[in-house]
Amino acid sequence: MQDVRVRFGGIVALDGVSFEVAPGRIVGLIGPNGAGKTTLFNCVSRLYQCDAGEIAFDGASLLAAARHQVAGLGIGRTFQNLALFRSMSVLDNVMLGHHSRTRGGFLANALRLPRAAREDRASQEKALSLIAVLGLEAHAATTVSDLPFGTQKRVELARALAAEPKLLLLDEPASGLNHGEVEALGTLVQELRRRFALTVLLVEHHMGLVMRISDRVVALNFGRVIAEGTPDEVQRHPEVVHAYLGI
């Protein structure tokens with residue numbers, strides 16, 4: 001991110017944000033409500049347009065890509081509010097995540113041509129392997145709406161991984177989870193980073209989780225970067241203390 005700026009009418013959501021996420025690292029993005037964290041995520045995933053600045057990914061400008069190309073470039077994400085297809089099964093939701101890696105096209109799928117059938121089998125195998133990794137085997141055929149919230153969170157994570165991302169954007173994955181689930185989530189994210197050689201950008205209000213698993217932390221407030229460094233450096237930074245505690 002280089003000097004990224006976003007304005008909604010008279011509201012400045014991002015005001016010259018610049019930082020870098022190194023390959024293979026987990027970077028936590030923190031800040032009070034309204035600091036601009038999700039806006040930044042939406043810029044990276046191309047849901048929002050930047051008014052100024054540059055976002056580069058894997059050596060190329062991300063802003064030149066269309067929204068539908070982002071997953072194919074190697075960026076996956078989860079959402080603060082779950083964005084699953086609630087009337088579909090866990091397996092079908094995760095298979096949809098692999099769609100960006102298929103090349104059959106509408107006609108081939110409509111006619112059930114051999115290539116489309118092969119890709120469908122490959123997508124199912126991929127989905128089943130991720131379902132196993134995330135401990136969802138018992139729920140593969142279950143309709144998503146019938147699952148508890150914490151389990152639905154893992155389904156969304158499996159779907160994001162099905163796109164085979166290089167960069168995984170996690171938008172408040174601990175929201176709504178109990179203490180034990182948060183602890184398990186932190187261990188899971190670190191394991192997924194290792195297993196799939198992921199780079200992770202994490203937006204999260206649960207400071208214990210962020211500080212435990214992040215290699216570096218970036219703090220935003222009112223759309224500006226106020227601190228960047230190791231977890232220990234950032235949580236001791238006076239501007240971060242002031243933003244959160246008002247002292």
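## Basis of the model

The model is predicted; local features need pLDDT of at least 70, side-chain atom pairs count only at pLDDT 80 or more, and totals for chains, interfaces and linings use all residues. Residues are numbered from 1 along each chain as its sequence is written, and side-chain values use heavy atoms, with hydrogens and water left out.

## Nonpolar cores

The largest nonpolar core holds 43 residues. A nonpolar core here is a set of buried Ala, Val, Leu, Ile, Met, Phe, Trp, Tyr and Cys residues joined through side-chain atoms within 4.5 Å. Buried means under 20% relative accessible area, exposed over 50%, and partly exposed in between, with a 1.4 Å probe and protein chains only. Ile 30, Val 94, Val 155, Leu 157, Leu 161, Leu 168 and Val 200 have the most contacts inside this core. Helix α6 (residues 149-162) gives the most to it, with six residues. Helices (H or I, at least four residues) and strands (E, at least two) are DSSP runs, numbered from the N terminus. A second, separate core has 26 residues, including Val 6, Leu 29, Phe 41 and Leu 220.

Val 94 sits in helix α3 (residues 90-97), where six of the eight residues are buried. These are Val 90, Leu 91, Asn 93, Val 94, Met 95 and Gly 97. Leaving aside neighbours within four places in sequence, Val 94 is in contact (heavy atoms within 4.5 Å) with Ala 127, Ile 131, Val 155, Ala 158, Arg 159 and Ala 162.

## Packing of α6 and α7

Helices α6 and α7 (residues 179-196) pack at an angle of about 10°, with their axes 13 Å apart. Axes are lines fitted to C-alpha atoms, for helices over the stretch in contact, and angles run from 0 to 180 degrees between N-to-C directions. The two helices are therefore roughly parallel to each other. Angles under 35 degrees count as roughly parallel, over 145 as roughly antiparallel, 65 to 115 as roughly perpendicular and the rest as oblique.

From α6, the contact uses Gly 150, Leu 157 and Leu 161. From α7, it uses Glu 181, Leu 188, Leu 192 and Phe 196. By class, five of these residues are nonpolar, one is polar and one is charged. Ala, Val, Leu, Ile, Met, Phe, Trp, Tyr, Cys and Pro count as nonpolar, Asp, Glu, Lys and Arg as charged, and the others, Gly among them, as polar.

## Cysteines

The structure holds zero disulfides. The cut-off for a disulfide is a pair of cysteine sulfur atoms within 2.5 Å. For Cys 43, the nearest cysteine sulfur is that of Cys 50, 3.8 Å away. Cys 43 is buried, at a relative accessible area of 0%. Cys 50 is also in no disulfide, and is buried at 17%.

## Single residues

Asn 42 lies in helix α1 (residues 37-44). Asn 42 counts as buried, at 8% relative accessibility. Beyond its neighbours within four places in sequence, Asn 42 is in contact with Leu 47, Tyr 48 and Arg 77.

Asp 58 is not a glycine, yet has a positive phi of about 55°. Asp 58 is in the loop between β5 (56-57) and β6 (60-61), and is exposed at 58% relative accessibility. Ala 197, also not a glycine, has a positive phi of about 50°. Ala 197 lies in the loop between α7 and β9 (199-203), and is exposed with a relative accessible area of 62%.
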